[in-house]
Amino acid sequence: MKVEVGMSEVVLRVGPGLTLREAAARMAERGIGAAIVEDEEWPVPRVITERDLLLAVGTGLDPDSELVRDHMSEKVITASPDWSMERAAAEMSRRGIRHLVVCADGDLIGVLSMRDIMRAWTSDGATSDDPPDERAA
């Protein structure tokens, strides 16, 4: 299965000047774990994740004064839409991340999260021959 099949569209784009509380509220409202951070001066977008928010708030920082720009991931890992899901999952595992930005021809076309991978692999037609465990539902 290819990344382009399992990825999600970009649900939320935020600016770097948003407070952490504002970013968290927008992410919660949409039920997502990451937002794309864009600024016209940057050549590539960045990402702020629920983990970034948790680390900031968990260390006692004020979510009403701390800004996205100071807590976002500076280095974004991109994937190609024609990568296999296995390759994407291996890359995420190796780097200890939960989101990949999907780009084609230099354009942002989606985001692939661990949740997207799990959804794709557990849906009808997934590659495993093992039947789903009824107790897990």
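The following is a conversation between two colleagues about the predicted model shown above.

Colleague: What should I know about the model and its numbering before we start?

Modeller: This is a predicted model in which local features need pLDDT of at least 70 and side-chain atom pairs count only at pLDDT 80 or more, while totals for chains, interfaces and linings use all residues. Residues are numbered from 1 along each chain as its sequence is written, and side-chain values use heavy atoms, with hydrogens and water left out.

Colleague: How many helices and strands does the protein chain have?

Modeller: The protein chain has five helices and six strands. Helices (H or I, at least four residues) and strands (E, at least two) are DSSP runs, numbered from the N terminus. The order from the N terminus is α-β-α-β-β-α-β-α-β-β-α.

Colleague: Which strands form the open sheet?

Modeller: The open sheet has three strands in the order E4-E5-E6, with mixed pairing. E4 and E6 stand at the edges with a single partner strand each, so one side of each has no neighbour in the sheet. Two strands count as paired if DSSP finds at least two bridges between them.

Colleague: How many bridges join E5 to E6, and in which sense do they run, parallel or antiparallel?

Modeller: Strand E5 (residues 99–104) is joined to E6 by six bridges, and the two run antiparallel. E4 and E5, by contrast, pair in the parallel sense over two bridges.

Colleague: Which residues stand opposite Val-102?

Modeller: In E6, the bridge partner of Val-102 is Gly-110. Ala-79 also stands opposite Val-102 in E5.

Colleague: What about the hairpin of E5 and E6: which residue takes a positive phi?

Modeller: That residue is Asp-105, with a phi near 55°. The hairpin has two residues between the strands.

Colleague: Why is E6 described as largely enclosed?

Modeller: Five of the seven residues of E6 (residues 107–113) are buried, so the strand is largely enclosed by the rest of the structure. Buried means under 20% relative accessible area, exposed over 50%, and partly exposed in between (1.4 Å probe, protein chains only). In the protein chain, buried residues make up 36% of the 137 residues.

Colleague: Changing topic, how many salt bridges does a search of the whole structure find?

Modeller: The search finds seven salt bridges. A salt bridge is a side-chain nitrogen of Lys or Arg within 4 Å of a carboxyl oxygen of Asp or Glu. One of them joins Arg-21 and Asp-64, at 2.5 Å from N to O. Arg-21 lies in helix H2 (residues 20–30) and Asp-64 in the loop between helix H3 (50–58) and strand E4 (78–79), so the pair ties together parts that are 43 residues apart in sequence.

Colleague: Which residue meets Arg-46 in a salt bridge?

Modeller: Glu-74 does, at 3.0 Å from N to O. Glu-74 is in the loop between H3 and E4, Arg-46 is in strand E3 (residues 46–49), and they are 28 residues apart. Arg-46 is buried, with a relative accessible area of 14%.

Colleague: Over the face of which residue does Arg-46 lie?

Modeller: Arg-46 lies over the face of Trp-42, at 4.3 Å from the ring centre. A charge sits over a ring if NZ of Lys or CZ of Arg is within 6 Å of the ring centre and within 35 degrees of the ring normal.

Colleague: Which residues form a network of salt bridges?

Modeller: Glu-91, Arg-94 and Arg-95 are linked in such a network.
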